[in-house]
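Student: I get lost when I look at the whole thing at once. Could you pick out one part and walk me through it slowly, piece by piece?

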Amino acid sequence: MAKKVKNNKERLIYRVSVRTFVEFILRSGDIDSRRGNLGEAEAMLEGAKLHRRIQKSMDSGYSAEVALKLCLFEDDYDFILEGRADGVFKSGDLNMIDEIKGMYISMAELEEPIEVHLAQAKCYAYMLATEENYDRMGVRMTYADLDTYETKYFESEYTYTELEDWFENLYREYTKWIEFEIEAKRKVIESGTALQFPFPYREGQEELVKDVYRAILRKKNLFIEAPTGVGKTVSTIYPAVKALSMKLSEKIFYLTSKTIVRTAALDCFGKLIDNGLIARVVTITAKDKVCFLEKRACNPIECPYAKGYYDRVNDATYEFIKTPGVYDREAIIDAAKKYEICPFEFSLDVSLWCDAVICDYNYVFDPNVYLRRFFEEGIKDSFIFLVDEAHNMVDRGRKMYSAEVSKAEVLRMKQFMISENMPHVARELDNLNKIMLSLKRDCEEYKVLLVYSQLNLAMHRLNNAISQMYEINKRYRGGEAWDDFSLRIRHFVNMLEIADDDYICYTEHDEDGDFVVHLACIETARVLQEKENVARSTVFFSATLLPINYYKHMLTQEKEPYAIYAKTSFDNDKKKVFIATDVSSKYTRRNKAEYERIAAYVEKAYEAHPGNYMVFFPSYKMMLDVYDEMRSEWREEEDFIILQTMDMDESSREEFLQNFGENTKRIGFAVLGGVFSEGIDLTGDRLIGAIIVGTGFPKTSHEREVLKNYYDDNGKSGFDYSYRFPGLNKVLQAGGRVIRTAEDKGVILLLDERFLQNDNKALLPKEWENYETVTIENVSDKIRTFYQ
């Protein structure tokens, strides 16, 4: 057995959490996500509350959440095993480890501890005994039914020699993986140290790279306003890789919601690898996009790739990661087919051995789907989070941590449960329906609930009834609608548990006439900060982080995070911004005459300099209304004006963009804030102009008014936070589609006189300060003058 010594910072370190260590070695069998087989992963959503309840019930000699660490000294590396024991206490003269597990299972059915759970507890017992020189240790497994809190204990006692022998066998099985990882890490350090920036530095870019590295070094969050031309992708990835080579952190998470941005990040890592970096980079693609089945069914009965997955995946992973490089979606799918395993789960297992992971925000921040294998044990400073398109994180954060339920679906599910002969669940649905009916009678349009204890209790009772139903009927399948509803009820209950003053519960009659109860996360900083706490540094960057103090307020609770403006290297004279002074998209002016004027602006811009243009509208309806006003001869040429449609899938979106080529001259109509107003790159003559109709302010709604009133009541400008800031951000994103490379040239035409109001004008970026005002009479001449 390796010697136990204090960590030597000069040596290479392999760090792993107790849970990951144990589960990796001991797992076997199938993937099975059927609700009746909930298991620990889903139970964790309720487990934190259970842990606190049990821990608080113990006497003063009980220590909760005890951090433990074991370092084993090998010839050329340190192995660090760390985690938090749920409890440490004494029973007589015997020191005990308490491992608490919440499960949706009757305690009468549990005859002995589950192997992987007991293994975690024995690891903690060995770690504590090693640290304190105890010659024997006790282990207590505390199981509790998450519905009833019925508790069952299993106690065992071990000598130190027994624990040491047991741990050594487990450790020996893991050794080949450790040695692989250490050798891979050494190559990352050596190649990363020698790695040079892959391009000639643009103006200001070298300072930006240093700023990112400095933030990582100092364990600070950083906000970067990075206009197009800065080279933000490589300017964040390169210093993060340098930080890995300096052993400041162990893994990079590059987070974004856009496929094209993920592709850019993959290309950037690929460029660094071509230039000598020896590393492993994986992209995680959403489960539905890589599933081999026509309809996803993650269980061994319906999916052959789920059956025996854990029996095959370790060998498959080891073979796959032998060759360093970029593991994109296609590489993962090809390997998964070869080894007959689930491609999504395979990508997650591969990510354990990668130096960088490219994925959606939700794999880090979402309370339901974040990657517990990395973040559950609370290991800090091992990660760097690079959050691209960070302006999206406010709305995404709110959606992740908010919940809602409608009275109509409660009533539908009540009838469904009656038809399924599930009377206990139907009764709780009926109880919730009655409470919602009472709330409905007291709500004219929308109403903020200052007290909602009855609703809270009803939600918990319904959630418990659903869990009990699945415990009794372990293989019950209620269909997609029921599965979605029951999971959203569970999410609602979990959000009730974490809700604080930064939440508001309100009711409303929505646009469809349905009555809905919302639990809305208003301020996202607190819930996001809990996830940021595990990272050494989180870097938020976007071309449109204005005003930057708004995003600092919404995305972090860190005191005095760094913030910088990165100057673009592109020639600003190649872009011209025009603001129309005689048109508006205000609701009071949405009429035929205004639509005719907007159509005339589009026609005149095109005639002044024909080419590919995108016109962005505040809604589908207005887009179609203006389209109808376009001159008839403009529609004689087939596909001259290309319209975005609702619910376009990935292939339809790609087909839309293919209409804009280097040698085409077309006009695209799209919705502001939609899929085509950000995250797309139409370089050169593929796009020479963006015409943006309106300020982008969200439509007045109950949700927006709740936000506005909250911020007004808390000393902020409610209109700014709920309407102006998110609206103008959409405008800036759409305008940013025009200039994508140093060679591009084009115009941005803002069709709304409100852009000239001081509060709006103050939020325009520096690159737009040379704007000119236009009218319908002179817009053609001004565009021609710019191009001449």
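**Strands and their neighbours**

Tutor: An open sheet here has 4 strands, ordered β14-β17-β16-β15, and the pairing is antiparallel. At its edges sit β14 (403–406) and β15, each of which pairs on one side only. From one strand to the next, the twist averages 20 degrees. Keep in mind that you're looking at a predicted model.

How are these strands held side by side? Strands of a sheet pair through backbone hydrogen bonds, and they can do that in a parallel or an antiparallel way. Take β14 and β17 (residues 515–521): they pair in the antiparallel sense over 4 bridges.

Is V451 buried or exposed? V451 counts as exposed because its relative accessible area is 65%, and the cut-off for exposed is over 50%. Together with V448 and L450, V451 forms a nonpolar patch on the surface, and the three share about 330 Å² of accessible area.

Now for the close look. Another open sheet has 7 strands in the order β22-β23-β21-β24-β25-β20-β26, with parallel pairing. Its edge strands are β22 (641–643) and β26 (772–774), each pairing on one side only. Ignoring direction, neighbouring strands of this sheet are turned by 20 degrees against each other on average. Helix α22 (residues 620–629) packs on the sheet, where it touches β21 (613–617), β22, β23 (667–671) and β24; its direction makes about 150 degrees with that of β23.

Find β20 in that order. On one side, β20 pairs with β25 in the parallel sense over 5 bridges, and V577 has I748 as its bridge partner there. I748 turns up again on the β24 side, standing opposite A690; β24 (residues 689–693) and β25 (residues 746–751) run parallel and are joined by 5 bridges. Back at β20, 3 bridges link this strand to β26, again running parallel, with F578 opposite E772.

What about the side chains? In a regular strand they alternate between the two faces of the sheet. On β20, K575, V577 and I579 are on one side and K576, F578 and A580 are on the other, and all of them are buried. That gives 6 buried residues out of 6 for β20 (residues 575–580).

One last stop: K782, in helix α27 (residues 779–787). Leaving aside residues up to four places away in sequence, K782 touches F578, E772, T773 and V774. K782 and F578 are 204 residues apart along the chain, yet their C-alpha atoms are separated by 8.7 Å. With a relative accessible area of 25%, K782 is partly exposed. So it falls between the limits: buried would need under 20%, and exposed over 50%.

Note on methods:
Residues are numbered from 1 along each chain as its sequence is written. This is a predicted model: local features need pLDDT of at least 70, side-chain atom pairs count only at pLDDT 80 or more; totals for chains, interfaces and linings use all residues. Side-chain values use heavy atoms; hydrogens and water are left out. Patches are made of residues with over 30% relative accessible area and no salt bridge: like charges are joined within 9 Å, nonpolar side chains (Val, Leu, Ile, Met, Phe, Trp, Tyr) within 5 Å. Accessible areas come from the Shrake-Rupley method with a 1.4 Å probe; for residues, only the protein chains shown count as cover. A salt bridge is a side-chain nitrogen of Lys or Arg within 4 Å of a carboxyl oxygen of Asp or Glu. Buried means under 20% relative accessible area, exposed over 50%, partly exposed in between (1.4 Å probe, protein chains only). Two strands pair if DSSP finds at least two bridges between them. Helices (H or I, at least four residues) and strands (E, at least two) are DSSP runs, numbered from the N terminus. Axes are lines fitted to C-alpha atoms, for helices over the stretch in contact, and angles run from 0 to 180 degrees between N-to-C directions. Contact means heavy atoms within 4.5 Å.
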